[in-house]
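Please look through the structure below before reading on.

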Amino acid sequence: LQMWLHPKNSMSVAEFLQQFYSPDELQVFFTYFGLPKNLANSVTLIGPNDATKPGGEAVLDIQYIMAVAPFIKTTFWSVPDYSPYPDHKGGQQEGFLQWVTAVSGTKDGDLPLVHSVSYSDEENTLPKPYMERIDNEFIKLGNRGVSILFASGDNGATEIDLSNPQCGRSTPDYPGTSPYVTVVGGTQLSAERSPVALIPKTATGFRYNTEVGEIMCDGGKGGVITS
């Protein structure tokens, strides 16, 4: 516990695409889960935040990272910039280069040591030099003792998007494919796979689910995030 509450511990969520959070909603969340609601006032804000327009992703990110580690210094890092490269539909993608250069340019005393990022771009829409430029900043941050965690993407390896010409083929998401970050995915239960356990009861008396199996999170099978 003493190591957990070390004054130098710090963490951050990075938010893009005009995703904001509401401090009032954060207070309500903490109240529901038995945490001091004044924790909502301890968040350090970098960048814009329109509290009247909270976004589902940003709200989820800040609520749960603070619920898991409620007394760690937390930063909400809001990035107004977009990537210069659109997705396969022509839509805007996240400004990862602007974000990581800003993080890399932060002095040690103010730099969060853990960064959680629940966003990604379609790797096949990004030029290699652009990704290499971002990777170089990841390397610099790693050498400074900074950990960066990215979501692996939604809806499995093909993104389950019939409008995507790559549908049916592996469509990896960047920066989760970078070798210089930690990528995090998820699983869900499905009746379409072998059961998690074939033995209904063990000698310890614990009962296992014998009706559904475990698969990678898949939007086509009821999963929402994250694969």
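Is the crossing of α3 and α4 left-handed or right-handed? The crossing of these two helices is left-handed, a term used when the near helix is turned anticlockwise from the far one by less than a right angle, with right-handed used if the turn is clockwise. This is a predicted model, in which local features need pLDDT of at least 70 and side-chain atom pairs count only at pLDDT 80 or more, while totals for chains, interfaces and linings use all residues. Residues are numbered from 1 along each chain as its sequence is written, and side-chain values use heavy atoms, with hydrogens and water left out.

Helix α3 covers residues 96-104 and helix α4 covers residues 128-143, and their axes come within 10 Å and cross at roughly 25°. Helices (H or I, at least four residues) and strands (E, at least two) are DSSP runs numbered from the N terminus, and axes are lines fitted to C-alpha atoms, for helices over the stretch in contact, with angles running from 0 to 180 degrees between N-to-C directions. The two helices are therefore roughly parallel to each other, since angles under 35 degrees count as roughly parallel, over 145 as roughly antiparallel, 65 to 115 as roughly perpendicular and the rest as oblique. Where they meet, with contact meaning heavy atoms within 4.5 Å, α3 contributes F96, L97, W99, V100, T101, V103 and S104, and α4 contributes Y130, R133, I134, E137, F138, K140 and L141. By class, this contact holds nine nonpolar, two polar and three charged residues; Ala, Val, Leu, Ile, Met, Phe, Trp, Tyr, Cys and Pro count as nonpolar, Asp, Glu, Lys and Arg as charged, and the others, Gly among them, as polar.

A second pair is formed by α1 (residues 23-32) and α2 (residues 56-68), whose axes come within 10 Å and cross at roughly 40°. These helices are therefore oblique to each other, and α1 passes α2 in a right-handed crossing. On the α1 side the contact is made by E25, L26, F29 and F30, and on the α2 side by V59, I62, Q63, Y64, M66 and A67, giving eight nonpolar, one polar and one charged residues.

Turning to the strands, β3 (73-78) is among the elements that give two or more residues to the lining of the second largest pocket, as are β1 (10-15) and β2 (44-46), and β3 gives the most, with three residues. In the backbone, the Y174 to P175 peptide bond is cis, and phi of L17 is near 60°.
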